[in-house]
Amino acid sequence: MRRMFFYFLTLTVFGVSWMPSIRAQDSSDRGAAVLATSGPTAGFRAEFLEEIAYYEQRYTRLAEAMPAEKYTWRPAEGVRSVGEVFTHIMVANYGIARAFGTAPPAGFDPKAIAALSTDKTKVLQALKDSFAHFRGAIIALNEGDADKPQKMFNRSTTLRGSFIAITGHFGEHLGQSIAYARVNGIVPPWTEEFQQQQQKPADKPKP
């Protein structure tokens, strides 16, 4: 078990270490397209919305890349499965939005969200819906409340500070999902695109 943990830790660190260089070159950020047409363009909310857009497209693309039959895969008993990591992010999106003052949609049921974990098609749609709701909650915040006291993950902080905690939560589970993908032979789509770009022959100089 200790060896398995070390293996997953190594994969996670390796996967996340690629992010800065790949992130700068990622022109297919689907969440960014939404951000470009709505929401603040400056201020701490705009900065956080950029982070949300980044993580949304990472989670969505990984969810799309993972085969449907792998959604029930888990590294060990008692550990979240592939699909359960995605549904955990969804429930967190609604829960955090509620903490910021935006109520979940009528009829929202965390248990119903969790029950979707084995269905890839439903997970993909529900994941997108949860991020749309989360973005709306951030847009609804007051720009002048950055230093307002806020409870987040059982810790007292400020509204701005809670954004840092949420980003850390996103990163933690994205690393977990990358490790899950790698163990199952799935290369993260953005990494595959980056590798393909690196393999392209250099343009020959014009005569």
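How are H4 and H7 oriented to each other, roughly parallel or roughly antiparallel? This is a predicted model, where local features need pLDDT of at least 70, side-chain atom pairs count only at pLDDT 80 or more, and totals for chains, interfaces and linings use all residues. Residues are numbered from 1 along each chain as its sequence is written, and side-chain values use heavy atoms, leaving out hydrogens and water.

Let's begin with the two helices (DSSP runs of H or I, at least four residues, numbered from the N terminus). Helix H4, residues 44-65, packs with helix H7, residues 120-139, at an angle of about 180 degrees, and their axes are 10 Å apart. The axes are lines fitted to C-alpha atoms over the stretch in contact, with angles from 0 to 180 degrees between N-to-C directions. H4 and H7 are therefore roughly antiparallel, a label for angles over 145 degrees.

Now look at the strands (DSSP runs of E, at least two residues). Strand E1, residues 149-152, pairs with strand E2, residues 155-158, in the antiparallel sense over four bridges; pairing takes at least two bridges found by DSSP. Pro149 stands opposite Thr158 in E2. The two strands form a hairpin with two residues between them, and Phe153 in the turn has a positive phi of about 55 degrees.

Finally, find Gln176 in helix H8, residues 159-183. Gln176 counts as buried because its relative accessibility is 19%, and buried means under 20% relative accessible area (1.4 Å probe, protein chains only).

Note on methods
Angles under 35 degrees count as roughly parallel, over 145 as roughly antiparallel, 65 to 115 as roughly perpendicular and the rest as oblique. Buried means under 20% relative accessible area, exposed over 50%, partly exposed in between (1.4 Å probe, protein chains only).
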